[in-house]
Amino acid sequence: MTMKERIHNCPLNHGLELKEYKKQYLCDGCKEQGHGPRYRCEPCNYDLHKECMFTSDTASHDFFKRCKFKFYDVPPKKCCDKHCKCERYCDACGKVVKGFVYHCKEKGWDLHPCCKNLQNKVDLGGIRFRLREKVLSKCIWCNHKNPKGSVSGIRGWSYVSECKDYHFHVYCGIEKVLDELQGRANGDGNHLALENLELPLQNSRRNGGTGGRYWKVVRIVFKTIACILLGDPTITFASLVVELVRT
């Protein structure tokens, strides 16, 4: 099936230019955080993720079999009440939908444009991870089954390894990276690069220390999640796997 692509401009209809920055920004499309390269209108101070710059009228995701998502500039209302202030939540990360979104009318599901790029299966150093909605164990970072701030019915996805040793919320992965980036906001560009983040995981309950292979795997999966949700294509999954092997 051919999907029609749409190219977005700023509100004054200026064309956007690709800027190769290494810092955070707020995407004016989906209203979520971004990092690194972005499409920007300098006069209007307007920025977009690549995924928000180039959108499709319809989309799909392997996690939702046989479901079609339609793109919306503004989140569709949850009910017919014109005064309704009900909020929609992304079914992938669990965060509020504030702007651009892919919505499945039949099922009521929602995905941020960047969240749509999360892979259903990830193989890392011989470990296979799969996206899960319902989980049996607690996240190794927050030590809860439901991520902090989740709402009833919208818990967001988790990556769970087939060996059952690893389980973490997509929400926790992106929040951990954002916290670390914010802590280095006054540093130089190299310190703000995602590949240079060490991601200390001292809050986790699991034994093994921060130098073992277990924690290297956790850091790399967290970085993988962040690269996708922040719209930063400068770090490839292959390069992260090389980092695991090298270290």
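The talk below goes from the whole chain to single residues.

Biologist: What kind of model is this?

Modeller: It is a predicted model. The protein chain has five helices and 15 strands.

Biologist: How many of the residues count as buried?

Modeller: Of the 247 residues of the protein chain, 48% are buried. The accessible surface comes to about 13,300 Å², and carbon and sulfur atoms hold 48% of that surface.

Biologist: What share of the contacts joins residues at least 24 apart?

Modeller: The share is 58%, counted among contacts between residues at least 6 apart in sequence.

Biologist: Which residues touch the most other members of the largest nonpolar core?

Modeller: The core has 59 residues, and those with the most such contacts are Leu118, Phe129, Trp157, Tyr159, Phe168, Val170 and Leu229. Helix 4, residues 213-229, gives the most to this core, with 11 residues.

Biologist: What does Phe168 touch?

Modeller: Leaving out residues up to four places away in sequence, Phe168 touches Phe129, Cys139, Ile140, Ser158, Tyr159, Val218, Val221 and Phe222. Two of these, Phe129 and Tyr159, are also among the residues that touch the most other core members.

Biologist: Why is the pair Arg88 and Asp110 called a salt bridge?

Modeller: The cut-off is 4 Å between a side-chain nitrogen of Lys or Arg and a carboxyl oxygen of Asp or Glu. The closest N and O atoms of Arg88 and Asp110 are 2.9 Å apart, so the pair qualifies under that cut-off. Arg88 lies in the loop between strand 9 (64-72) and strand 10 (101-104), and Asp110 in strand 11, 22 residues apart.

Biologist: Why are both partners called buried?

Modeller: Buried means under 20% relative accessible area. Arg88 has 10%, so Arg88 counts as buried. Asp110 has 2%, so Asp110 is buried too.

Biologist: How many salt bridges are there in the whole structure?

Modeller: A search finds nine. One of them joins Lys95 and Glu175, with the closest N and O atoms 2.7 Å apart. Lys95 sits in the loop between strand 9 and strand 10, and Glu175 in helix 2 (residues 170-183), 80 residues apart. Glu32, Lys95 and Glu175 are linked in a network of salt bridges.

Biologist: Where is Asp232, and why is no salt bridge given to it?

Modeller: Asp232 is in the loop between helix 4 and helix 5 (237-246). Asp232 is buried, and the nearest side chain of opposite charge, Arg38, is 8.3 Å away. The side chain of Asp232 does make a polar contact with the side chain of His35, at 3.0 Å.

Biologist: Why is Lys4 called exposed?

Modeller: Exposed means over 50% relative accessible area. Lys4 has 59%, so Lys4 counts as exposed. Lys4 lies in the segment before strand 1 (5-7). Even so, Lys4 touches Thr55, Ser56 and Asp57, not counting residues up to four places away in sequence.

Biologist: What makes the phi of Lys31 worth a remark?

Modeller: Most residues other than glycine have a negative phi. Lys31 is not a glycine, yet its phi is positive, about 70°. Lys31 is in the loop between strand 3 (24-26) and strand 4 (33-35). Lys31 is partly exposed, at 35%.

Biologist: What is the phi of Lys164, and is Lys164 buried or exposed?

Modeller: Phi of Lys164 is near 70°, a positive value in a residue other than glycine. At 61% relative accessibility, Lys164 counts as exposed. Lys164 lies in the loop between strand 14 and strand 15.

Notes. Residues are numbered from 1 along each chain as its sequence is written. Side-chain values use heavy atoms; hydrogens and water are left out. A nonpolar core is a set of buried Ala, Val, Leu, Ile, Met, Phe, Trp, Tyr and Cys residues joined through side-chain atoms within 4.5 Å. Buried means under 20% relative accessible area, exposed over 50%, partly exposed in between (1.4 Å probe, protein chains only). Helices (H or I, at least four residues) and strands (E, at least two) are DSSP runs, numbered from the N terminus. Contact means heavy atoms within 4.5 Å. Accessible areas come from the Shrake-Rupley method with a 1.4 Å probe; for residues, only the protein chains shown count as cover. Lys and Arg count as positive and Asp and Glu as negative; His and the chain ends are not counted. A polar contact is a pair of N or O atoms within 3.5 Å; within protein, one must be able to donate a hydrogen and the other to accept it, and residues adjacent in sequence count only if both atoms are side-chain atoms.
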